[in-house]
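This briefing is meant for someone who is looking at this structure for the first time. Please keep the sequence and the 3D view at hand while reading the points that follow.

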Amino acid sequence: MGTLGGGSFSAREVAYLQSLPAVERVSNKRIEYTEEFKRYVMRRYAAGDSPVVIFRAAGLDSALIGYKRIERCIARWKQTVDISAQSAEEESQPLPAASYTPVETDETVETISRTLNPYMAMIQNGHYDILIAHQLRRIDDLEREVSQLKERMDNVQDQVDDQSA
């Protein structure tokens, strides 16, 4: 496997990236995205969704492509992508739910299916090592976030204790 997080891509990673509907072309150093994907990303970004979450849902985890690539895409696309120039099909596509909806409806099932499809494609194409790397990176990110939140809670508790003393 190549360098995780934005370095050169291995031949396997290039093959995986090329298999994604969001990717127009890919080399070992560069990814070109479809215009539809760019507009989709900017629509969701304008609706308040996180760029990392949007890319991850398309199978483009930051562990594979790197945070900097995502940040640069957003910055560049803000200047160049016209989200008002959507096709009728794109216009009719609902934005996926940004948060968990406890009531299971056809729409939430469809959203979940769309989110899982890139990972299912990885499994079906035998890209277990990439999938595992994505999941390990996600676990690491979540553990770091939990640790930071615990630290913040401890600081708030210390402040409360100081004020009540």
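The accessible surface of the chain in this predicted model comes to about 10500 Å², and 53% of that surface belongs to carbon and sulfur atoms. Of the 165 residues in the chain, 33% are buried. The points below go from the chain as a whole to one of its helices and then to a group of aromatic rings.

**Overall layout**

- The chain holds eight helices and two strands, and, read from the N terminus on, its elements follow the order α-β-β-α-α-α-α-α-α-α.
- When contacts between residues at least 6 apart in sequence are considered, 57% of them join residues that are at least 24 apart.

**Helix H2**

- Helix H2 covers residues 35-46, which is 12 residues, and it reaches 16 Å from its first C-alpha to its last, close to the 16 Å expected at 1.5 Å a residue.
- The buried residues of H2 are Phe37, Val41 and Met42, together with Lys38, Arg39, Arg43 and Arg44.
- Gly48 follows H2, and the phi of Gly48 is positive, near 105 degrees.

**Aromatic pairs**

- A pair of aromatic rings is described by two values, the distance of the centres and the angle of the planes.
- Six aromatic pairs are found when the whole structure is searched, and one of them joins Tyr33 and Trp77, whose ring centres are 5.5 Å apart and whose planes stand at 85 degrees, so this pair is edge-to-face.
- Tyr33 and Trp77 are both buried.
- The rings of Phe37 and Trp77 also form a pair, with centres 6.2 Å apart and planes at 90 degrees, so this pair too is edge-to-face, the angle being over 60 degrees.
- Here again distant parts of the chain are linked, as Phe37 belongs to helix H2 and Trp77 to helix H5, and the two residues are 40 residues apart.

**Burial and the ring cluster**

- Phe37 has 6% relative accessibility and therefore counts as buried, while Trp77, at 2% relative accessibility, counts as buried as well, the cut-off for this term being under 20%.
- Ring pairs link Tyr33, Phe37, Phe55 and Trp77 into a cluster.

Notes
Residues are numbered from 1 along each chain as its sequence is written. This is a predicted model: local features need pLDDT of at least 70, side-chain atom pairs count only at pLDDT 80 or more; totals for chains, interfaces and linings use all residues. Side-chain values use heavy atoms; hydrogens and water are left out. Helices (H or I, at least four residues) and strands (E, at least two) are DSSP runs, numbered from the N terminus. The expected span of a helix is 1.5 Å times one less than its number of residues. Buried means under 20% relative accessible area, exposed over 50%, partly exposed in between (1.4 Å probe, protein chains only). Rings of Phe, Tyr and Trp (its six-membered ring) pair if their centres lie within 6.5 Å; planes under 30 degrees apart count as stacked, over 60 as edge-to-face and the rest as tilted. Contact means heavy atoms within 4.5 Å. Accessible areas come from the Shrake-Rupley method with a 1.4 Å probe; for residues, only the protein chains shown count as cover.
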